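Here's a quick tour of some aromatic rings and their surroundings. Have the viewer open as you read.

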Amino acid sequence: MTEIDHDLIYQDEASQYHTLISKQQQLAHVVNGIRDCEGLDIVDLGAGTGRLTTALAPFAKSIKALDASAAMLQINASRLQQAGAANWTTAAADLRKLPLESQSADLIVAGWAICYLASNNAPNWEQNLQEIMAEMKRVLRPGGTIIIFENMGTGSTIPDPPSFLKPYFSELEGKYGFSHKWIRTDYQFDSLAQAEELTRFFFGDWLADAVREQALVRVPECAGVWWLHHEDRTEL
């Protein structure tokens, strides 16, 4: 089975990736249910093509979108421009060294991003996670909030996270004190052909073959949501 190179996708096929995630629900209501975003200075880590950036920009005082991929950020910026937003900036960045001033954000969101540095098949994953947490703590204002979204099972109707993410999730809850819940983030495709094409593109044959065999135009997915309010835990 051919392994999917997501870093290459994010650099060279950002538009196709955006088509895939555009088939999922907007998540502003999930974020607002944890922290009211109205009038906040928001940072979106691993912002990609703007899944969270574009959803939260209408509520924010300001929003900064950071990602390792300039190609993804170009799409993000284009979408924000098309929406008429004027309260945003983008920057290529490593999540372990954020180009942001200390105590400059009320809310930090990270959607399906930290996992690439914090899964246990990544070199020095625990150190990576510690550095990311330290940077978020530095950037967050007193009373601020961190919200993290990660995969809890694509193709599954109940949480079934990949084994390489479980230690990271345990660290979030045990070491760093995050609260947690799960939600469904199903893909609703336009046709079976599109469902098979896009799932094969990003997830590989194992999912695309199941999509074809089961004629799935709606593909189930679960996501974990972790959040931490500054007053909940003084040490990240």
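A residue is buried when its relative accessible area is under 20%, exposed when over 50%, and partly exposed in between (1.4 Å probe, protein chains only). Keep in mind that this is a predicted model: local features need pLDDT of at least 70, side-chain atom pairs count only at pLDDT 80 or more, and totals for chains, interfaces and linings use all residues. Residues are numbered from 1 along each chain as its sequence is written, and side-chain values use heavy atoms, leaving out hydrogens and water.

**Ring pairs**
- Rings of Phe, Tyr and Trp (its six-membered ring) pair if their centres lie within 6.5 Å; planes under 30 degrees apart are stacked, over 60 edge-to-face, and the rest tilted.
- You'll find eleven aromatic pairs here.
- Phe-169 and Trp-226 have ring centres 4.5 Å apart and planes at 35°, so they make a tilted pair.
- Phe-169 is in helix H8 (residues 166-174) and Trp-226 in strand S9 (residues 221-229), so their pair ties together parts 57 residues apart in sequence; helices (H or I, at least four residues) and strands (E, at least two) are DSSP runs, numbered from the N terminus.
- Phe-169 counts as buried, at 5% relative accessibility, and Trp-226 is buried at 0%.

**Around helix H9**
- Helix H9 covers residues 192-202, and its buried residues include Leu-198, Phe-201 and Phe-202.
- The rings of Phe-201 and Phe-202 are tilted, because their centres are 6.4 Å apart and their planes are at 45°.
- Ring pairs link both into a cluster whose members include Tyr-10, Tyr-187 and Phe-203.
- Just after H9, Gly-204 has a positive phi of about 110°.
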